[in-house]
Amino acid sequence: MNAHSAPTPATAGKSGPLRGQIRAPGDKSVSHRALIFGLLSCGTTEIGGLLEGADVLATARACAALGAKVDRLGEGHWRVQGVGVGALLNPTETLDFGNSGTGARLMMGVVAGHPVTARFDGDASLRKRPMKRVLDPLALVGARVLEGAEGGRLPLVLEGAREPLPVTFETPVPSAQVKSAVLLAGLAAPGETTVIEREATRDHTEAMLAYFGADVRVVPEGAHGRRITLVGRPELTPAKVMVPSDPSSAAFPLVAALLVKGSKLAIDGVMANPLRNGLVVTLREMGARIETLDERREGGEAVEDLVVQFSELTGVDVPAERAPSMIDEYPILAVAAAYARGVTRMRGLSELKVKESDRLAAVADMLRAAGVTFAIEGDDLIVEGRGPGSVPGGGTVTTHMDHRIAMSGLVLGLAAEAGMTVDDVAFIATSFPDFVPMMRRLGAEIA
Ligand code: S3P
């Protein structure tokens, strides 16, 4: 799955009803954080349900390079023996995060608060992504970029602060990664570190800080924002983390069931954190038949079992304020919009341009290849729905090393008149290694 390996194409053909009961893999955001908090606590952290995708495995290797003992005990069952805040080792090897912006940016925050020097690198996709958004606040903490980072890009060498400073920082973009990097650096600083965000983003770092025993306060800020204050230098207590299943991964079989006629799918244990569930809210507004069967808490997060059935969808207007709660779900929402009746307008998508690919451009190319009419106006994407089962298809989706574009392209093909080809499905392994076999078991025609 690097620049040198041959691409793996796949074709999704018009499929009969999708039926069955599944559980999506462990949440990617929580999985990265569970490993990192394991590294930063003194003693043994046990993790169940860890996502064993390439992105998270890269973070596990980085934790080991920084001094933790990381062991896989069984499927999704991992043990991290951490070193504690302030006691990281100097890594002797490059920290290679592969395709993962989350792993790289969160670990930059960890390194920034410690007197260690680390080289960060990643694949061709990650090397294109902006790092200045984390490097700027981490410079205020006292970290320095020693080499590289031309235009704020990987590869780079980051020297952490000998005496990290507590900062108050307002994130310039709604980004949980930037917020988390600053809070993780703040763990090693004396006094209070504060992050202000104008729009609330996923709160897994704050939740895990509290769960591992740090003193963290979260208060509302403005109409949609939050102010998070962390008291530095806590002694983090190792904990047991059960990773709930990833709503951003469940999104793909979920939308597939909505689009393929006659489908009925049970999806168990999906994380229902309100800062992550914008897609389900939007799909329900579009008329999706998504039933919640059991709401409960697992591993400190709200989870729910969902039953999803084929539905005739109608286009809607998705407000920009909802973007942070479904930022990774726009490619698959665009697929749903293509099969809806009427127009769907998705507002405020500027952050989509700096994901694993420029997702706004990649989604536009995907829709074009499927024969769907759309427009981009500023940061808005407007899709003209063709109605249930009425997308011509027949084209090829270019994934640009982006797992979510690959999965969206396959789902698009399952209900299209002439199916769809995806040029490279290898990157699906970053977040959902079992996606293609699971979809086949449900009845999807993917060759
Ligand atoms: C993530 C935050 C989001 C999201 C990414 C995971 C996280 O990125 O797109 O897949 O785990 O913090 P941004 O912080 O760049 O919005």
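An oxygen atom of the ligand lies 2.9 Å from a polar backbone atom of Gln177, a polar contact being a pair of N or O atoms within 3.5 Å. Taken alone, the ligand exposes 390 Å², and the protein buries 95% of that (accessible areas by the Shrake-Rupley method with a 1.4 Å probe). This is a predicted model, in which local features need pLDDT of at least 70 and side-chain atom pairs count only at pLDDT 80 or more, while totals for chains, interfaces and linings use all residues. Residues are numbered from 1 along each chain as its sequence is written, and side-chain values use heavy atoms, with hydrogens and water left out.

For Ala176, a polar backbone atom is 3.0 Å from an oxygen atom of the ligand. With Arg33 the side chain takes part: one of its N or O atoms is 2.7 Å from a ligand oxygen.

## The shell around the ligand

Residues around the ligand (a heavy atom within 4 Å of it) include Lys28, Ser29, Arg33, Thr102, Arg202, Asp328 and Lys355. By class, the shell has 3 nonpolar, 4 polar and 5 charged residues; here Asp, Glu, Lys and Arg count as charged, Ala, Val, Leu, Ile, Met, Phe, Trp, Tyr, Cys and Pro as nonpolar, and the others, Gly among them, as polar.

Helix 1 (28–40) and helix 5 (176–186) each supply at least two shell residues, and helix 1 gives the most, with 3. Helices are DSSP runs (H or I) of at least four residues and strands (E) of at least two, numbered from the N terminus. The ligand lies between domain 1 (10–25 + 244–446) and domain 2 (28–242), because both give residues to its shell; the bounds come from an automatic or database domain assignment.

## Backbone features

The peptide bond from Leu154 to Pro155 is cis, with omega near 0°. Pro155 is in the loop between strand 8 (144–148) and strand 9 (156–159).

His400 is not a glycine, yet has a positive phi of about 55°. The loop holding His400 runs between strand 22 (396–397) and helix 11 (403–415).

Key:
Polar contact = N/O pair within 3.5 Å; in protein donor to acceptor, adjacent residues only side chain to side chain.
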